[in-house]
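Please look over the sequence and the model below before reading on. The paragraphs that follow go through selected places one at a time.

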Amino acid sequence: MHPPQSNRSVTGMASSIEDSAPPGRGSFSRSARSGQPAAVTHLLGGTMRSVRVLGAIGIVLALAPLVLHSDFQLTFVTLALYSTLLGAAWNILGGFGGQYSFGHAVFFGLGAYVAAMLQVHAGVPAWIGLVAGVAAGAAAGAALGAISFRYGLRGSYFALVTLAMAEVFRIVANSVPFTGAGVGMMIELRTGLADLQFESRRGYYYLALVLALVALAVGSWVRHSRFGAALAAVRDNEDAARALGIDATRVKVAATALSGTLMAAGGVFYLQYFHYIDPSLVFGPSVSVEALLGPIVGGLGTVLGPLIGAFALALVSQIATHLLGEAPALSMALYGLILIVMVTFLPRGIGGLGKLVRLRARRGRDA
Amino acid sequence: MLELTRLSKRFGGLAAVDSVSLVLEEGRIGALIGPNGAGKTTCFALISGFIRPDEGRVVFAGRDITGWPAHQVSREGLVRTFQIVQPFTGQSVLENIAVGAQRKRSRAAAIAFAAEVAARVGLGDQLDKPAESLPIAGRKRLELARALAAEPRLLLLDEVLAGLNPAEVAEVLPLIESIRAAGTTVLMIEHVMQAVMSLADDVWVLAHGSLIATGTPESVTRDPAVIEAYLGHGAAARLAGAT
C-alpha cells in the first residue's frame, strides 16, 4: 500500500541483519549454562554485575583513608561522596524516571531542618533526627509527586513547580520563628556515632561513604528491578506504559518519594558536618544544581553516573580554584559552562563515552 | 467478550464516535474498518480507557469498564497496540517486551517470558538491539510482542499491517491467526483488505463516527452503503451498472 516505505523497510531489514553479526555477541549465541539467549542472560545478570562493581568501589573507598593522609585529601573525597549522595538521589527521579527536578533542595532542606529542629527544640539524639528527616523527605516527595503528576505536569512545567516549591520553603524558613528565621540554626557539638558527629575527619568520611553507597545501591536496585523497568517505561513512553498496565502516576510518585528520601539524608549529613544551616544554604538553588549536575555529567539514569560525575566535578572545581583563586561566583559559572558543554556534546555523560565510542567504531566499520 | 452500547465521543462540534454499538464474542476475530477519519482509532481509545466516552457503555468480559483508567483496563486483560508504534526508545527489544510481561511476574521471569514471546513473533534473533534501530516491520512486530507478553484476553490491534510490504503482511497474517488459536479474542482496525477478508469473522464498518454496516467480510464489501463511504456518492450504482 505504501511502496516507498516498504522498500525502505526491506533494505533496512537487510542491513540490520548484517550488523547483528559480531561473532559470539549476537543473541543467537546461547550461554552454555542456562541454554537461554545471551541477551536474556546478560539482562538477568545486571544485578550481580552492579553488586560486584559497587562492592569493589566500596572496598577501595573504605580502605582509602589508609593512604589519604592529609586532611585536605580526606575532606576532598568526603565532599565528593556527599555530592555523590545528592546526585544519586536526584538520579532516581531525574535519570531513571526522566522527570527533571530543579528544586531538589526542598527535600534536602526539609531533612536538614527537621533534624535540626528536633535536636535543638526537643533535644533528641542526631540519629533520631536522621530518621525523622529522611521520613520528612519521603513524605514531601510523595506529596510533591502526587500534586504534580496527578495533574499531568511534565517536562519544564514539573521543573518549574519543583523550583518554585524550594523557593516557597526557603521563604517560609526565612520567616517563621521555630526555624530560627534568617539567622538559621546551630546544633550543639556532641561527638559520637549516635550523634553522627566525629572528632576526626575519618568519621565523617565513613558516614558519607555509607550514605553514598546506600544511595548508589538504591539506584542499582531501581535499574534492575521490576519497579525500575516500569519507571523507565513511563519515562520512555508513558502511553505505551499505561497500555501495558502500568499506573504511570503512581510509579512517578513512588520515584519522587524515594528520591526525596535520599536527598533528605544528604541534608542531615550537611547539618552534622557543618553544624549550621540557614534558609539559603539548604533551600537555595545551588543545592538543587549540585544534585542534578553530577548525574548529567556522569551519565543520566546509570548506576555509576552520579559517582563519576561527582568526582569529575570535584576535581574540576578544585583545579579551577587552584588556578583562578576563590572568586565567589566562580564555581557556579564554571558549573554552568560544564553543563552546557556536556548537554551539547555528551548527552550520555562521561559514563556514556564508552558506548559512544563503540557506536562510532561500529558505524565506521559498516560504512 | 466485548460489548459496546451507544458509545459516543464528541470533540467540539465533531461527533468523532457517534452511538456505536457492537458485540464481539469470545474467540473471534473482529475487524473495524472504514475510511480515514471515520473514528476507528478514537473508538479504540474509548474502549481501552485512553479517552473517556461522553455517553455509552463499554462492557468487557461481563464487567462494566466504562471510564476506567487505561492501566486498569489493561490489567483486566484488554490490551491495545498503537497505530503509530510506540517503542520504549533507548531500551532493547528484550527490555521492551519484558515490560509487557512483568504484570504478573517477577523481573527475571518476565525477561525469560519476553524472550519466548519474541521468538514467537520472529524477533528472537534481535533481542539485544535498541528498539529504535528496528525497521518498520520489526517495530510493528515489537508492538505486537509487547502486547502479547501482557497475555491479553482481548487484543486490540490498530493497523499492525500498515506500512508492511506484501511479503511481510503474508508473514504476520498466520501470526494473528495463531494468537486467536491460542485463545485470545482479537479486534483489529485494518486497511489491508487481504487481512480483513482472510482473518475476520465479523466486520463493522465505521464512517463519520457511526456504524454503517455489520456482517461477514463478504457481505459488507458488497454493501452499497460501504462502497459509497469509500468511493463516494453514487459509486455503488455506477459499479452495479458496469457489471
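Start with B:A112, which sits in helix α4 of chain B, a helix that spans residues 107-120. This is a predicted model, and the values given here are computed from it. B:A112 counts as partly exposed because its relative accessibility is 22%, and the cut-off for buried is under 20%. B:A112 and B:L123 are 11 residues apart in sequence, and their C-alpha atoms are 14 Å apart in space.

Two other residues of chain B deserve a look for their backbone angles. Most residues other than glycine have a negative phi. B:S19 has a positive phi, near 55°, and is not a glycine. B:S19 belongs to strand β2 of chain B, residues 14-24. With a relative accessibility of 26%, B:S19 counts as partly exposed. B:E159 also has a positive phi, of about 50°, and is not a glycine either. Where does B:E159 lie? B:E159 is in the loop between β7 (154-158) and α6 (166-181) of chain B. Is B:E159 buried or exposed? B:E159 is buried, because its relative accessible area is 8%, and buried means under 20%.

Chain A has 367 residues, and 48% of them count as buried. How many helices and strands are there in chain A? There are 16 helices and two strands. Among the contacts in chain A with a separation of 6 or more, 74% are between residues 24 or more positions apart.

A:K252 counts as buried because its relative accessibility is 4%. Leaving out residues up to four places away in sequence, A:K252 touches A:L93, A:Q99, A:F149, A:V234 and A:E238.

Another is A:S225, in the loop between α8 (201-224) and α9 (226-236) of chain A. The relative accessible area of A:S225 is 9%, so this residue is buried as well. Its side chain has polar partners in the backbone. A polar atom of the A:S225 side chain lies 3.4 Å from the backbone nitrogen of A:F227. The side chain of A:S225 also reaches the backbone nitrogen of A:G228, at 3.0 Å.

Chain A also holds residues that line an open space, the second largest pocket. The volume of this pocket is about 950 Å³. The pocket is lined by 32 residues, and the closest to its centre are A:L79, A:E290, A:S317, A:S331 and A:Y335. Which helices of chain A each supply at least two residues of this lining? They are α4 (71-96), α11 (248-274), α13 (285-298), α14 (305-324) and α15 (330-345). The largest share, eight residues, comes from α4(A). Sorted by class, the lining of the second largest pocket has 22 nonpolar, eight polar and two charged residues.

Between them, 41 residues of chain A are in contact with 44 residues of chain B. The size of an interface is often given as the accessible area lost when the parts come together. Here the area buried between chain A and chain B is about 3,500 Å², and carbon and sulfur atoms give 60% of this area. In chain A, the residues that lose the most area to chain B are A:L43, A:R226 and A:L244, which together make up 19% of what that side buries.

At least two lining residues each come from α10 (238-243) of chain A and from β6 (78-80) and α5 (136-149) of chain B. The largest share, three residues, is supplied by α5(B). By class, the lining of the largest cavity has six nonpolar, one polar and three charged residues.

Methods:
Residues numbered from 1 in each chain as written. Chains lettered and ligands numbered in written order. Predicted model: local features only at pLDDT ≥ 70, side-chain atom pairs only at ≥ 80, totals over all residues. Heavy atoms only, no water. 1 Å grid on protein atoms, 1.4 Å probe; cavity = no way out; pocket = protein on both sides within 12 Å on 5 of 7 lines; lining within 4 Å. Points joined across faces, edges and corners; volume = space filled by probe spheres on them. Helix = DSSP H or I, 4+ residues; strand = E, 2+ residues; numbered from the N terminus. Nonpolar A, V, L, I, M, F, W, Y, C, P; charged D, E, K, R; others polar. Buried < 20%, exposed > 50% of the residue type's maximum accessible area, 1.4 Å probe, protein only. Polar contact = N/O pair within 3.5 Å; in protein donor to acceptor, adjacent residues only side chain to side chain. Contact = heavy atoms within 4.5 Å. Buried area = accessible area lost by both parts, 1.4 Å probe.
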